[in-house]
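Below are my notes on the model you sent. They are set out as numbered points, to be read beside the sequence and the coordinates.

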Amino acid sequence: MTTLLWLAGRTFGRHPIRTALVVVGLSVTGALLLDMMMLAGGLQASLGQVLSQMGFAVRVVPKGTTPFSGIAEIPDGDRLAAAIGEQPGVAAALPIAATNLYVWRQAAPFASFAFGVPRGETGAYVIVDGHDLSRQGSGDPPVVVSRTLARFDGVRVGDTLTAATAAGAVLEGTGTPERFQVVGIADFYLDLASQRSMVMRTADLRRLQGRPQGAAAEILVRMADPDQVAALLSWLGTRHPEVDALSTERYLSRIGARLTYFNQFALILSTLSLAISFLLITAMVTLSLGERLGEIAMLRALGFTRGRIGILILMEGLLLSAGSVLGAFVLGLTLSGYLDTILRATPGIPEKLHFFTLTASALGRTIALLLVTGAAGGLYPAAIASRLPVALTLHAEVLS
């Protein structure tokens, strides 16, 4: 095997410039393949990383929805959360309310997405300045604002904001605007790049809306015993069919079903890149074989079997693919960073999510497909070489 590998490497060393150009071409197609492997499931993998940071194993949402995908709510959210909290293995069940609010400070009102939580420290955000809702401010109800809101509107800890459900509430006397004191600034995990978000106590949010307590947009469940997740999902499915209980895996699967466009796009371009790689390798190895038919015939005359000759040619295809892996990796990562920046500028994409996510699975599939394509590209010339008539070929070489 070492002899075959040496012979295969020596073959391409005869024409280093030609070989280098082919390897560069394969690196480009390999980079495209790597990027498509990263794109297929990239958003799901990125979302999975964010969800694991938040620490919630189960999300309970209205039937057939995903969190905050519409105006649907769980009517008895508070009561259901209390019942979930009593189940084995559950550490906490937090009902979350949500709505759009208009907020004033000094200038014109701006829109904000507001969360209502029973108390602070939900795990849906990280305090970067000040403190959480669990510590009451002085006088007005407490509110925690996102870093984006603080940056865009010059809000600091200790400032007072006025919030209402309608933009003209203060001027027109509609709704019931209220004053809130900013007690903290936070980094929200799933905020959009330009989204102004804030979180307040559920009682304050429902009072601002003029709605009764109890309803929830979703219920976040943190598990003390991860082994009890399946039992909790089964209990919810049996006792509360009006809601969907989504483990992290189910949640990612439901999100993935809505991202079939990216998967199909990745499949088409992956297939195209593999087809181009296959043609490049087949052409290169066939050209190389045509230049050394006499050498192949001589190896056969010296005792190389048809099988060993075939393996030698297949190795040449594999070496071409293997030589392009490093270049494909470097170029693919560089290109994916640029493409990711473009796609993340699309409205509606949370700031911390990425379209292109490098995972061990994506890298492993890319390398495996490149090597398989290299071997496949050597099949045709290997078949020619293994059937080469020794005597006739040597005779033709002597005459030439």
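**Notes on the model**

1. Helix α7 is largely enclosed by the rest of the structure, since six of its eight residues are buried. The buried ones are Thr 202, Asp 204, Leu 205, Arg 206, Leu 208 and Gln 209. Please keep in mind throughout that this is a predicted model.

2. What covers α7? Strands β2, β3, β5, β6, β7 and β8 are among the elements that lie over its buried residues. Directly after the helix comes Gly 210, which has a positive phi, near 75°.

3. The largest nonpolar core contains 19 residues. Within this core, Leu 101, Val 145, Leu 161, Met 198 and Met 200 have the most contacts. Two or more residues each come from the strands β2 (90-104), β3 (110-117), β5 (142-146), β6 (160-164), β7 (178-188) and β8 (197-201), and from the helices α5 (147-153) and α7 (202-209). As a general point, nonpolar side chains in soluble globular proteins tend to be buried together.

4. Leu 161 deserves a separate look. Apart from neighbours within four places in sequence, Leu 161 is in contact with Val 103, Trp 104, Arg 105, Val 145, Val 155, Glu 178, Arg 179, Phe 180, Val 182 and Met 198.

5. How do α2 and α12 pack? The axes of α2 (residues 16-39) and α12 (residues 306-344) come within 6 Å and cross at roughly 50°, so the two helices are oblique to each other. Their crossing is right-handed. The residues of this contact divide into 14 nonpolar, nine polar and one charged.

6. Helix α12 also packs on α13 (residues 360-377), where the axes come within 7 Å and cross at roughly 150°. The cut-off for roughly antiparallel is over 145 degrees, and α12 is therefore roughly antiparallel to α13. This crossing, too, is right-handed. On the α12 side the contact is made by Leu 314, Gly 317, Leu 318, Ser 321, Ala 322, Val 325 and Phe 329. The α13 side supplies Leu 363, Ile 367, Leu 370, Leu 371, Thr 373, Gly 374 and Ala 375. By type, the residues of the α12 and α13 contact are 10 nonpolar and four polar, with no charged ones.

7. For the protein overall, the secondary structure comes to 15 helices and 10 strands. Of the 400 residues, 46% are buried. Among contacts between residues at least 6 apart in sequence, 80% join residues at least 24 apart.

Terms used
Residues numbered from 1 in each chain as written. Predicted model: local features only at pLDDT ≥ 70, side-chain atom pairs only at ≥ 80, totals over all residues. Heavy atoms only, no water. Core = buried A, V, L, I, M, F, W, Y, C linked by side-chain atoms within 4.5 Å. Buried < 20%, exposed > 50% of the residue type's maximum accessible area, 1.4 Å probe, protein only. Helix = DSSP H or I, 4+ residues; strand = E, 2+ residues; numbered from the N terminus. Contact = heavy atoms within 4.5 Å. Axes fitted to C-alpha atoms, helices over the stretch in contact; angles between N-to-C directions. Parallel < 35°, antiparallel > 145°, perpendicular 65-115°, else oblique. Left-handed = near helix turned anticlockwise from the far one by under 90°. Nonpolar A, V, L, I, M, F, W, Y, C, P; charged D, E, K, R; others polar.
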